[in-house]
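Please look over the sequence and the structure shown below before reading on. The report that follows takes up a pair of helices and then a pocket.

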Amino acid sequence: MADADVLFETRTFFHIGNYQGSINAGQKANARTDAARTERDVLYYRAMIAQGNYAQVMDEIGASPKTLDLQAVRLLAQYMANPSGNQEAVLATLKTWTSDGQSLGNPTVQIVGGTIYMQEQSYEDAMKVMKQSSTLEGMSMMVLSLLKIDRMEIAEKELARMKSVDEDATITQLTQAWYNIALGGEKAQEASYIFKDICDRYTDTPLLLNGQAASSMALKKWEEAERFLLDATEKNPKDPDTIANLITCLTHLRKQDTIPRYLSQLRSIAPTHPWTAQVRNAEDSFERNAARFAI
């Protein structure tokens with residue numbers, strides 16, 4: 001088997017959010033070339049980060065990583081461990097790397113840079129980094145960034161570029177599903193079929209269940225979306241996206257009694273999550289306006 005295929009399961013499991021499966025597959029993979037071993041190690045550490053094992057990743061890599069790939073992954077762990085506290089130092093390092101053509105040409109730097117900029121909701125910066133990428137994951141992040149700023153026509157072109165490289169790749173199908181949700185209507189139903197098909201081929205994960213829930217919410221099937229999200233909480237009760245989507249869903253179902261509990265949980269585990277920030281800004285605005293009319 002060619003090295004390009006040795007990491008197929010490792011890569012696919014990571015993309016669908018089966019992070020432990022990705023770790024296990026990577027440990028079994030017989031990566032023979034330096035490039036394959038590097039990708040295997042990067043996927044391993046990124047899966048560990050996705051599981052919240054930030055300190056373990058930084059400890060295993062060490063304070064002075066020998067390669068740029070490991071430096072980039074360690075930077076991601078450092079950022080995710082404390083987004084607000086480490087923001088300034090992390091963004092300064094990213095700026096240095098992205099200003100250097102050689103560093104920016106590194107696929108791991110591209111993915112890590114795009115991930116952090118998207119987390120910061122700096123989608124223009126994410127797209128500048130992803131513009132350099134020739135990997136399917138980099139193209140996918142470009143499409144998702146474009147969807148965030150409602151540039152549907154450009155997102156469609158980038159998705160077409162992904163399909164021209166590998167239409168059958170799981171990450172291409174996932175990107176198609178998120179694009180369909182953004183389109184809405186019948187396309188949202190098609191997205192639901194894509195997520196279900198991937199679940200049937202592999203396994204339910206919080207990421208895939210959130211995709212199915214997002215499809216249902218786009219179709220205003222709130223009770224169906226709630227079922228998907230409750231299934232996701234059973235698999236990972238601390239997933240911020242699941243909790244944020246569940247709050248949105250419960251709001252539409254007018255289940256006001258249970259919302260405060262989930263909101264408190266989201267604030268506790270993900271104080272910098274975009275949904276948490278939006279609620280905090282709304283509360284601050286309300287308090288400012290209330291103070292203006294206080295007697």
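## How two helices meet

Which residues in H15 meet which residues in H17? Pro206, Asn210 and Met217 in H15 meet Asp241, Thr242, Asn245, Thr248 and Cys249 in H17, where contact means heavy atoms within 4.5 Å. By class, this contact of H15 with H17 has 3 nonpolar, 4 polar and 1 charged residues.

The model is predicted, and local features need pLDDT of at least 70, side-chain atom pairs count only at pLDDT 80 or more, and totals for chains, interfaces and linings use all residues. Residues are numbered from 1 along each chain as its sequence is written, and side-chain values use heavy atoms, with hydrogens and water left out.

## Angle and handedness

Helix H15 (residues 206-218) and helix H17 (residues 240-252) pack at an angle of about 20 degrees, with their axes 10 Å apart. That makes H15 roughly parallel to H17, a term used for angles under 35 degrees, and the crossing of H15 and H17 is left-handed.

## The second largest pocket

About 690 Å³ of space lies in the second largest pocket, a pocket being an open set of points on a 1 Å grid, where a 1.4 Å probe fits, with protein on both sides within 12 Å along at least five of seven lines. The pocket is lined by 29 residues, meaning residues with an atom within 4 Å of a point, and Arg11, His15, Glu39, Thr135 and Glu137 lie nearest its centre.

The largest share of this lining, 6 residues, comes from H4, and the lining divides into 13 nonpolar, 7 polar and 9 charged residues.

Note on methods
Grid points are joined across faces, edges and corners, and a volume is the space filled by probe spheres set on the points. Helices (H or I, at least four residues) and strands (E, at least two) are DSSP runs, numbered from the N terminus. Ala, Val, Leu, Ile, Met, Phe, Trp, Tyr, Cys and Pro count as nonpolar, Asp, Glu, Lys and Arg as charged, and the others, Gly among them, as polar. Axes are lines fitted to C-alpha atoms, for helices over the stretch in contact, and angles run from 0 to 180 degrees between N-to-C directions. Angles under 35 degrees count as roughly parallel, over 145 as roughly antiparallel, 65 to 115 as roughly perpendicular and the rest as oblique. A crossing is left-handed if the near helix is turned anticlockwise from the far one by less than a right angle, and right-handed if clockwise.
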